[in-house]
Amino acid sequence: MLIGYVSNERYVALANVDLEFVNARGESWEARSRATGAVHLELPPGDYTVTLQCAGYGAKRSQIKWPVTTPHQFRLLSDGLSGYVWPKWVRGGELGEFRVHAVEQYHLELWHYGWTPTLVQSLGWFDEHGPRATMQVTPDGDFTQTGVEWNKVGYSSPTHKQFVAAPEQSGLYYFRAQTPSGLRFSFPWIVAPTRPKAPLAVLASNINWNAYNSFGGRSNYIHSDEFPPTPTVNSRYDLKRYAQAEFLTWNCPKYAPLSFDRPEPFNDIDFGEKITDPIQGRQACHLAAAEWRLLGWLEHRNWPFDYYAETQLDDGTLDLSAYRALVTAVHPEYWTRRMYDRVKQWVFEEGGRLLYLGGNGLNCEVELHGSSMTVHNGQITGLDVDGVGGESRMALRHESEASLVGVVFTPPGAMTGAPYQVVDASHWVFDGTGLENGDIFGQNSLHMRCPGGASGHETDKISPSSPPNTRLLAKGMNPDDGGAHMVHFETPNGGGVFSVGSISWVSSLPVDEHVAQITENAIRKFLQ
């Protein structure tokens, strides 16, 4: 009979895992997982402690009650180095607990990520008396919904707690872990100010980070609705996004939650990476590594700012009334309705100024609940207006984001890179650049997934939902008329919005003087 399946932290089937089932009377049964990860065994009804062993993975014990209505999903964690801090976003002075998975001793440091990463604190070496005692344990089942819960098993003693007080200076911080064998892993920490200090607030797109985080085997792009009943053996055979030509990622009636309580491998930044280095890799170009380029550039140009997580805008930690301008950047694709409505009220009614330095932003509504979020993708058949049934997934449930930022994502131009061409050189945003109508700028970019310029990766354009006074300033030169629209508009109450409509824009900031000057002009104007 089928007892269950064994898979790793990516929900990939594990073969040749040894399992021992022991009941309350001490009776024992042995099994081994098959090529599909399946565990078959003739087992009497009862409660069992199951011990799992497999080379290259941490041994663990699970509790099951047999029989079960659905096969049990045993999960093992591969040997290596990983980690995260919890909570992932705090205020200065608040405590965070670092949760590191290592099968050997590791050294940990805390760094501030400005123009040049700076060591804040050496936290020392960590090891335990027991063998492999710094190895973490993953829960069984789909822990992408519930959280990985590291530091839960075996950390009951107060002496085992691992807390760090957040620095008073707001900003992006990284923990750096490394082992004697040469393994390295870094993970971010968003530190907001204890009280507003600068006139400019900057948002980390941490909701987007979580949407793309596939640790545990699910993200909003892989098994976005829920796990299939069997683990993956071969992605090209088993995943619907590859095996079914008609499949679209978001065509499901509902979507299971995604927990923030997980490591974020895509946000790992190499210890030696400099802010002017090209951003390598498929995911880094639109996640924390790219956003770091904005923060370091602001510091380098002497623009003080307070840094917040998007989740802190949702829960009210970020008081917009205390700020003159707000920046959201790179790829803030997923927003709550509360965030959207609060920012729109601030801009249109309270005179707030929004700098949208990204692309495909505010495109889909999410709901936050505790340490997880639910994404409302809807059932769509394509990414264009006909396929979505509106200008965006946000428009399906609320309104088009073009109503707030002046532009909205469309598929043309996606996964390409190009410079911009000036459309309206008389606008103040081009002051001091020397650019004239028809001139090209933004050729230099650190974005290596879609190289070619500051307009790229995913691009937004003016739509029927854009405010009537939206002014087109420049346009990306991407193929298929897919270039990003740089726009500006003002509101009757003194508010304003400047949007660049491109994920790649920030990746040009440290290396393209025209992009830098235009951004500085917008910041200076909006802070007046």
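The count of aromatic pairs comes to 26, where rings of Phe, Tyr and Trp (its six-membered ring) are taken to pair if their centres lie within 6.5 Å, with planes under 30 degrees apart counting as stacked, over 60 as edge-to-face and the rest as tilted. The structure is a predicted model, in which local features need pLDDT of at least 70 and side-chain atom pairs count only at pLDDT 80 or more, whereas totals for chains, interfaces and linings use all residues. Residues are numbered from 1 along each chain as its sequence is written, and side-chain values use heavy atoms, with hydrogens and water left out.

Among the aromatic pairs is that of F21 and Y48, which is edge-to-face because the ring centres lie 6.4 Å apart and the planes stand at 80 degrees. This pair links distant parts of the chain, since F21 belongs to strand β2 (residues 18-23) and Y48 to strand β5 (residues 46-53), 27 residues apart; helices (H or I, at least four residues) and strands (E, at least two) are DSSP runs, numbered from the N terminus. F21 counts as buried at 0% relative accessibility, and Y48 counts as buried at 3%, where buried means under 20% relative accessible area, exposed over 50% and partly exposed in between (1.4 Å probe, protein chains only).

The rings of Y113 and W292 also form an edge-to-face pair, because their centres are 5.0 Å apart and their planes lie at 65 degrees. Here the partners are Y113 in strand β11 (residues 106-113) and W292 in helix α5, 179 residues apart, and the pair thus links distant parts of the chain. Y113 is buried at 2% relative accessibility, and W292 is buried with a relative accessible area of 0%. Seven residues, Y84, W86, W89, F143, W150, F215 and F260, form one aromatic cluster.

Helix α5 (residues 288-300), which carries W292, has 13 residues and reaches 18 Å from its first C-alpha to its last, close to the 18 Å expected at 1.5 Å a residue, the expected span being 1.5 Å times one less than the number of residues. Because 11 of its 13 residues are buried, α5 is largely enclosed by the rest of the structure. The buried residues of α5 include A288, E291, R293, W297 and L298. Just after this helix, N302 takes a positive phi of about 65 degrees.

Charged pairs were examined next. Salt bridges, defined by a side-chain nitrogen of Lys or Arg within 4 Å of a carboxyl oxygen of Asp or Glu, come to a count of 21. One of them joins D140 and K60, with the closest N and O atoms 2.7 Å apart. This pair links distant parts of the chain, D140 lying in the loop between β12 (117-126) and α1 (143-146) and K60 in strand β6 (residues 60-66), 80 residues apart. D140 is partly exposed, with a relative accessible area of 21%, whereas K60 counts as buried at 8% relative accessibility.

A salt bridge is also formed between D424 and R471, whose closest N and O atoms are 2.6 Å apart. Because D424 lies in the loop between β26 (420-422) and β27 (440-441) and R471 in strand β30 (residues 471-476), this pair ties together parts that are 47 residues apart in sequence. At 15% relative accessibility D424 counts as buried, while R471 counts as partly exposed at 34%. In the salt bridge of E350 with R342, the closest N and O atoms are 3.0 Å apart; E350 counts as partly exposed at 38% relative accessibility, and R342 is partly exposed with a relative accessible area of 23%.

E97, R99 and D261 are linked in a network of salt bridges. E97 is placed in strand β10 (residues 95-102) and is buried, with a relative accessible area of 7%. The side chains of E97 and N151 are joined by a polar contact of 3.3 Å, a term that denotes a pair of N or O atoms within 3.5 Å, of which, within protein, one must be able to donate a hydrogen and the other to accept it, residues adjacent in sequence counting only if both atoms are side-chain atoms. Leaving aside neighbours within four places in sequence, the residues in contact with E97 (heavy atoms within 4.5 Å) include Y84, W86, N151 and K161.
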